[in-house]
Amino acid sequence: MKILHVNCSSRGQASESFRLSRKIVDLLLKKSPDAVLVKREIGGGALRHIDANYALAQHSSTTEINQEGSISTSEELIRELENSDVVVIGTPMHNLSVPSALKAWIDHVVRARRTFNVGAAGKVGTLRDRPVFIAVASGGRFSGEHARQPDFLTPYLTTILGTIGLKDLNFFSIQGTGLGPDVVAHARAKTDLALQAYFS
């Protein structure tokens with residue numbers, strides 16, 4: 001089994017989203033000790049946004065496209081996805097939705113005539129489905145009885161990853177990281193129980 005671990009936080013391994021996503025990876029490795037782990041760091045400017053040549057490729061099926069620049073990066077990231085059996089994404093929630101680093105990764109891997117085709121039925125993904133675990137850290141609360149902000153991250157990721165064929169999505173979150181250590185400790189404990197229930 002191959003596990004692709006995508007870390008989106010600019011805080012790297014110090015982030016709450018990385019901590020949670022790594023816990024998910026460890027639980028997967030516990031079930032499959034021989035699994036191969038592929039790490040992809042995209043936070044903190046590690047992944048550049050798409051360039052003009054990539055944009056041209058998205059809108060033309062006949063023009064000869066230069067395979068350098070972000071097309072090359074896109075191909076590398078897509079191959080990582082194709083070769084994975086499980087995907088784990090650790091991401092913060094920024095301004096009620098995905099951070100720009102994760103959006104950049106999405107722009108690279110959601111590519112016309114490569115990971116989805118467009119026909120009479122609309123956009124149809126070409127990737128085989130597989131489990132995707134999404135570990136979210138948020139400064140505020142976006143779900144449950146104490147929610148005080150909307151959630152545009154979950155529906156967006158559900159739709160955009162579904163566009164390329166990834167529909168087996170599993171969301172876990174640490175919410176209220178900006179509300180003090182007691183709230184964080186409680187959120188961690190609650191999420192640990194959810195993980196135990198899922199992986200038991």
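Biologist: Contact means heavy atoms within 4.5 Å. On that basis, which strands does helix H3 lie across?

Modeller: Helix H3 (residues 70–83) lies across E1, E2 and E3. H3 runs at about 150 degrees to E2. Axes are lines fitted to C-alpha atoms, for helices over the stretch in contact, and angles run from 0 to 180 degrees between N-to-C directions. Helices (H or I, at least four residues) and strands (E, at least two) are DSSP runs, numbered from the N terminus.

Biologist: What sort of model is this?

Modeller: A predicted one: local features need pLDDT of at least 70, side-chain atom pairs count only at pLDDT 80 or more, and totals for chains, interfaces and linings use all residues. Residues are numbered from 1 along each chain as its sequence is written, and side-chain values use heavy atoms, leaving out hydrogens and water.

Biologist: OK, the sheet. What's the strand order?

Modeller: E2-E1-E3-E6-E7, five strands in an open sheet with parallel pairing. Two strands pair if DSSP finds at least two bridges between them. Strand E2 (36–41) and strand E7 (169–175) are the edges, each pairing on one side only. The twist from one strand to the next averages 15 degrees.

Biologist: How many bridges join E1 to E2?

Modeller: Six, with strand E1 (residues 2–7) and E2 running parallel. Ile3 has Leu37 in E2 as its bridge partner.

Biologist: And which strands does H1 touch?

Modeller: Helix H1 (residues 16–31) packs on the sheet and touches E1, E2, strand E3 (86–92), strand E6 (132–138) and E7. Its direction makes about 165 degrees with that of E3.

Biologist: Switching to aromatics. How many pairs are there?

Modeller: Four in the whole structure. Rings of Phe, Tyr and Trp (its six-membered ring) pair if their centres lie within 6.5 Å; planes under 30 degrees apart are stacked, over 60 edge-to-face, the rest tilted. Phe133 and Tyr198 make an edge-to-face pair, 5.5 Å centre to centre with 90 degrees between the planes.

Biologist: What does that pair tie together?

Modeller: Parts 65 residues apart in sequence, because Phe133 lies in strand E6 and Tyr198 in helix H6 (residues 181–199).

Biologist: Is Phe133 buried or exposed?

Modeller: Buried, at 3% relative accessibility. Tyr198 is partly exposed at 39%. Buried means under 20% relative accessible area, exposed over 50%, partly exposed in between (1.4 Å probe, protein chains only).

Biologist: Last one, H5. Which residues are buried there?

Modeller: In helix H5 (residues 153–163), Leu153, Leu157, Ile160, Leu161, Gly162 and Thr163 are. Their cover includes helix H4 (100–109), E3, E6 and E7. After H5 comes Gly165, with a positive phi near 110 degrees.
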